[in-house]
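Please keep the sequence and the coordinates in view while reading.

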Amino acid sequence: MKSQPFLYNHVMGKEMKSAAEWRVLLTKKEEEITARQRQVDWLSQQLRLTRRQRFSASSEQTQVLSAQFSLFNEAESIASPDAAEPDLEQITIS
C-alpha cells in the first residue's frame with residue numbers, strides 16, 4: 001500500500017488545494033473573523049449602554065438629589081468666611 005501524506009484528504013475524496021487556493025481561503029476566513037470581531041465590539045458596546053441606562057441613576061433622581069444637597073450647603077453659601085468665630089460658652093447641668 002502506498003503511503004499517503006494527507007490521508008484525511010484522500011479518504012474524504014478531496015483533492016489537495018494549491019497554495020493560491022489556500023491564500024484565497026485564508027483571506028476569506030480573515031475577513032469573516034474581522035466581521036465577527038466588529039459585531040462582537042458593537043454588541044459589547046450596546047450591552048454597556050443598556051446596562052448604564054438600566055442601572056445608573058436617572059436624571060430625575062439626580063436633579064432631586066442635587067436639590068436636596070443644596071439645602072445642606074445653604075449655611076455655607078450665606079456664611080461669610082471673614083466673620084469671627086463665636087465665643088464658646090461652658091454650660092453646666094446640675
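Two rings of Phe, Tyr or Trp, the six-membered ring being used for Trp, count as an aromatic pair if their centres lie within 6.5 Å. By that criterion, the structure holds zero aromatic pairs.

The protein chain contains four helices and zero strands, and its pattern along the sequence reads α-α-α-α. Of its 94 residues, 1% are buried, and its accessible surface is about 10,000 Å², with 57% of that area belonging to carbon and sulfur atoms.

How many salt bridges does a search of the whole structure find? The search finds one, formed by Lys 29 with Glu 32, whose closest N and O atoms are 3.8 Å apart. Both residues belong to helix H2, which spans residues 19–55, and they are three residues apart, about one turn of the helix. The accessibility of each partner is set out below.

| Residue | Relative accessibility | Class |
|---|---|---|
| Lys 29 | 41% | partly exposed |
| Glu 32 | 35% | partly exposed |

As for confidence, the mean pLDDT of the protein chain is 78, and 63% of its residues reach 70 or more. Among the elements of the chain, helix H2 has the highest mean pLDDT, 94, whereas helix H1, covering residues 7–11, has the lowest, 55. Where pLDDT is low, predicted coordinates should not be read in detail.

Key. Residues numbered from 1 in each chain as written. Predicted model: local features only at pLDDT ≥ 70, side-chain atom pairs only at ≥ 80, totals over all residues. Heavy atoms only, no water. Helix = DSSP H or I, 4+ residues; strand = E, 2+ residues; numbered from the N terminus. Buried < 20%, exposed > 50% of the residue type's maximum accessible area, 1.4 Å probe, protein only. Areas by Shrake-Rupley, 256 points an atom, 1.4 Å probe, with all protein chains shown as cover. Phe/Tyr/Trp six-rings, centres within 6.5 Å; stacked < 30°, edge-to-face > 60°. Salt bridge = Lys/Arg side-chain N within 4 Å of Asp/Glu carboxyl O. pLDDT = per-residue confidence, 0-100.
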